[in-house]
Amino acid sequence: MRRFVIVAQKARASADFLLVDIPSTSGRLDVLLRCLRAALLVSHGVRRDTIVYLVLLGDPERPVTLRIEGSASRYLRPDERSLATVIKKALALPPATAAFSQVRAGIMIAEGGIETFERELADSKVYLLDEAGEDLRESLPTARESLPTPTDVTFFLGDHIGLDPHALARIHAFGARALCVGPLSLHSEDVITLVHNELDRRTA
Ligand SMILES: C[S@@+](CC[C@H](N)C(=O)[O-])C[C@H]1O[C@@H](n2cnc3c(N)ncnc32)[C@H](O)[C@@H]1O
């Protein structure tokens, strides 16, 4: 399983945003929508081996996490507006508990941040995606080395403003190793594409 956790410092857990102006009415939910597309969708298909967690911290009093599972999702389309509509409907049903509840096939919602799903990562090898980390290409096994790469891997990354100290502390508590995908600071969705590509090259 490949897991991507995007921790959003500004995105609010509210359906009260405009589809015609997502960036300025949602706390930059658009960043997360592009991450969702990069993490779950390939040309004419869904990555069935991937789960995405969108941690919405825009309202610090009420963090919310969305969990989107490729193998169970239906009718996810790649354009930002359709994905925004899916997420808007999910956020219109606010979570009642810290346990995930399903809002539609493959999409679950829970009250709370990283702590709501940390038990799911118990058997996962956890990485932090960070410009200052070790080179991913040299840190994961190459295609010629013995496979497999770890069968369950989790990658944490930040939104357009990066990760806050509280989230970083939680990520480090998993023993996360920091990896970089290249020398430049990239957009979160591009980092996800590069990570998938490296894993695809090793496993396809
Ligand atoms: C737009 S960047 C955030 C930039 C922000 N100014 C910062 O300093 O964190 C979004 C996220 O993508 C990831 N990222 C960006 N470039 C990366 C790189 N070269 N290698 C690994 N992760 C990267 C990091 O997780 C970062 O939090």
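Reader: Where is the place of His44?

Author: His44 lies in the loop between strand S2 (41–42) and strand S3 (45–46); strands (E, at least two residues) and helices (H or I, at least four residues) are DSSP runs, numbered from the N terminus. Although His44 is not a glycine, its phi is positive, at about 60°. This is a predicted model, in which local features need pLDDT of at least 70, side-chain atom pairs count only at pLDDT 80 or more, and totals for chains, interfaces and linings use all residues. Residues are numbered from 1 along each chain as its sequence is written, and side-chain values use heavy atoms, with hydrogens and water left out.

Reader: Is His44 buried or exposed?

Author: Buried means under 20% relative accessible area, exposed over 50%, and partly exposed in between (1.4 Å probe, protein chains only). With a relative accessible area of 84%, His44 is exposed. Tyr75, in the loop between S5 and helix H3 (80–91), also has a positive phi, of about 55°, without being a glycine. Tyr75 is exposed at 73%.

Reader: Which residues lie on each side of S4?

Author: In a regular strand the side chains alternate between the two faces of the sheet. In S4, Thr50, Val52, Leu54 and Leu56 are on one side, Ile51, Tyr53 and Val55 are on the other, and all are buried. Because 7 of the 7 residues of S4 (residues 50–56) are buried, the strand is largely enclosed by the rest of the structure.

Reader: How many bridges join S4 to S5?

Author: Two strands pair if DSSP finds at least two bridges between them. S4 and S5 (residues 64–69) run antiparallel and are joined by 6 bridges, with Tyr53 partnered by Arg67. Strand S1 (residues 2–8) runs parallel to S4, with 7 bridges; Arg2 has Thr50 as its partner.

Reader: At what angle do H2 and H6 pack?

Author: Two packed helices are described by the angle between their axes and the distance between the axes. Helix H2 (residues 29–40) and helix H6 (residues 188–203) pack at about 10°, their axes 8 Å apart. H2 is therefore roughly parallel to H6 (an angle under 35 degrees, taken between N-to-C directions).

Reader: Why does the search find 0 disulfides?

Author: A disulfide is a pair of cysteine sulfur atoms within 2.5 Å. The search of the whole structure finds 0; the sulfur of Cys35 is 18 Å from the closest cysteine sulfur, in Cys180, too far for a bond. Cys35 is buried at 0% relative accessibility, and Cys180 is buried at 11%.

Key:
Axes fitted to C-alpha atoms, helices over the stretch in contact; angles between N-to-C directions. Parallel < 35°, antiparallel > 145°, perpendicular 65-115°, else oblique.
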